[in-house]
Amino acid sequence: MQPTATVLVYSDDSNTREQVRLATGRKPASDVPFVEFVECATPEAVLRELDRGGIDVCVLDGEAVPMGGMGVCRQIKDEVFNCPPVLLLMGRPQDAWLATWSRADAAVTLPVDPVEFASALASLLRQKRLLSAW
């Protein structure tokens, strides 16, 4: 049986969370594991899930309310030991500098482009797998 990867998706918008699930499919690339999702609509839920452990990659909506994914990303990079890689969803390409400030590992723009998103997610899953092998 193939292992699975757990992807946390944070957005207050259920449509954005659905875009992420649909863009990922069962697995974002043939050389990465199948994906299971943990969906969070609040920053508190994100922290709770990360405290539980087992998250391989976080996908954070930079446009979420009341706390955007960039702020959540910066917080978890500061506070969570061995924080999983973060894929940030940005409202505009011009926000790339904010993604860098937040310490996101990758960023794509909204609305979710399935090819771009799946490629970025697969890259982070490969990176996580390599780091776990050490």
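1. The UniProt record, an unreviewed entry, places the feature "domain: Response regulatory" at residues 6-125; UniProt positions are given in the numbering used here, feature names are shortened, and annotations may be inferred rather than shown by experiment.

2. Please keep in mind that this is a predicted model, in which local features need pLDDT of at least 70 and side-chain atom pairs count only at pLDDT 80 or more, while totals for chains, interfaces and linings use all residues. Residues are numbered from 1 along each chain as its sequence is written, and side-chain values use heavy atoms, with hydrogens and water left out.

3. The structure holds seven salt bridges, a salt bridge being a side-chain nitrogen of Lys or Arg within 4 Å of a carboxyl oxygen of Asp or Glu. One of them joins the side chains of Glu39 and Arg21, at 2.6 Å from N to O. Glu39 belongs to strand β2 (residues 34-40) and Arg21 to helix α1 (residues 14-24), so this pair ties together parts that are 18 residues apart in sequence. Glu39 counts as partly exposed at 37% relative accessibility, and Arg21 counts as partly exposed at 30% (buried means under 20% relative accessible area, exposed over 50%, and partly exposed in between, with a 1.4 Å probe and protein chains only).

4. Another salt bridge brings together the side chains of Lys77 and Asp105, at 2.7 Å from N to O. This pair links distant parts of the chain, 28 residues apart, with Lys77 in helix α3 (residues 69-79) and Asp105 in the loop between α4 (96-102) and β5 (106-109). Asp105 is partly exposed, with a relative accessible area of 35%.

5. The side chains of Arg92 and Asp95 also meet in a salt bridge, at 2.9 Å from N to O. Within this pair, Arg92 is partly exposed at 46% relative accessibility, whereas Asp95 is buried at 8%. Elsewhere, salt bridges that share partners join Arg17, Arg21 and Glu39 into one network.

6. How many disulfides are there? The count comes to zero, taking a disulfide as a pair of cysteine sulfur atoms within 2.5 Å. For Cys40, the nearest cysteine sulfur, that of Cys58, is 8.4 Å away, and Cys40 is buried at 2% relative accessibility. For Cys73, the nearest cysteine sulfur belongs to Cys83, 6.8 Å away, and Cys73 is buried, with a relative accessible area of 0%.

Methods: Helix = DSSP H or I, 4+ residues; strand = E, 2+ residues; numbered from the N terminus.
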